[in-house]
Amino acid sequence: IAHAVEGLYAVDGNPIVSLMAEEGIRALAAALPKGKAGQDEALYGAWLCGTVLGSVAMALHHKLCHVLGGTFDLPHAESHTVVLPHATAYNAPSSTEAMQRIARALGAPTAEQGLYDLARSLGAPLSLKDIGMPEAGLDKAADIAVSNPYPNPRKLEREAIRALLHDAYFGRRPA
């Protein structure tokens, strides 16, 4: 889902990628709660999201997850699950059309809350703390994230990134 979310506000996005991204989010969000019974729809959604990843540049969310995994040895999928609602909330003011499409695909009032609520409903981890992130590493992670940024719809501000990581560390639901 993270690939599709970032594909919707990618600097090199296009209408076809946006269609695949929205449909990929919708398919995965519908399939995951079904477990094995939703596997065909999950594979369809995963294919769409993977195609989006191969077609456009990723942004802040992926930068943060690469930093967290590479620097703190956090698990890949769980890092993405925890960070995605927070990175989405960070970018929401600068990518309103993308946020509307994400929310619509999730059947949620907002993109960031829909992503958080989906993860919670699946019993996925919701906090960096729960997947092994040391609280003392939040400043280091924020510094690395802004030192060599990926293209992003919202300008990267170190203190705002630090606040994003703080919220993700404690698993706060985005407002």
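1. Ile102 is in contact with Val5, Leu8, Ile25, Ala111 and Leu115, once its neighbours within four places in sequence are set aside. The model in which these contacts are found is a predicted one.

2. Ile102 also belongs to the largest nonpolar core, which has 31 residues. Together with Val5, Ile25 and Leu106, Ile102 is among the residues with the most contacts inside that core. Two or more residues each are supplied by helix 1 (2-8), helix 2 (15-31), helix 3 (39-53), helix 6 (96-106) and helix 7 (111-121). Helix 2 gives the largest share, seven residues.

3. Which residues of helix 8 are buried? In this helix, spanning residues 138-147, they are Leu138, Ala141, Ala142 and Ala145. These residues lie on the same side of helix 8 because the arc they cover around the axis is only 100°. Their packing partners are helix 4 (60-72) and helix 9 (158-170).

4. Arg162 deserves a separate comment. This residue is located in helix 9, and its relative accessible area of 19% classes Arg162 as buried. The value should be read against the cut-off, since buried means under 20% relative accessible area. Not counting residues up to four places away in sequence, Arg162 touches Leu138, Asp139 and Ala142. Of these, Leu138 and Ala142 are listed among the buried residues of helix 8. With Asp139, Arg162 forms a side-chain to side-chain polar contact at 2.8 Å.

5. How many disulfides does the model contain? The count is zero. For Cys49, the closest cysteine sulfur is that of Cys65, at 15 Å, so the two are too far apart for a bond. The criterion requires a pair of cysteine sulfur atoms within 2.5 Å.

How values were computed:
Residues are numbered from 1 along each chain as its sequence is written. This is a predicted model: local features need pLDDT of at least 70, side-chain atom pairs count only at pLDDT 80 or more; totals for chains, interfaces and linings use all residues. Side-chain values use heavy atoms; hydrogens and water are left out. Buried means under 20% relative accessible area, exposed over 50%, partly exposed in between (1.4 Å probe, protein chains only). Helices (H or I, at least four residues) and strands (E, at least two) are DSSP runs, numbered from the N terminus. The arc is that of the directions from the helix axis to the C-beta atoms. Contact means heavy atoms within 4.5 Å. A polar contact is a pair of N or O atoms within 3.5 Å; within protein, one must be able to donate a hydrogen and the other to accept it, and residues adjacent in sequence count only if both atoms are side-chain atoms. A nonpolar core is a set of buried Ala, Val, Leu, Ile, Met, Phe, Trp, Tyr and Cys residues joined through side-chain atoms within 4.5 Å.
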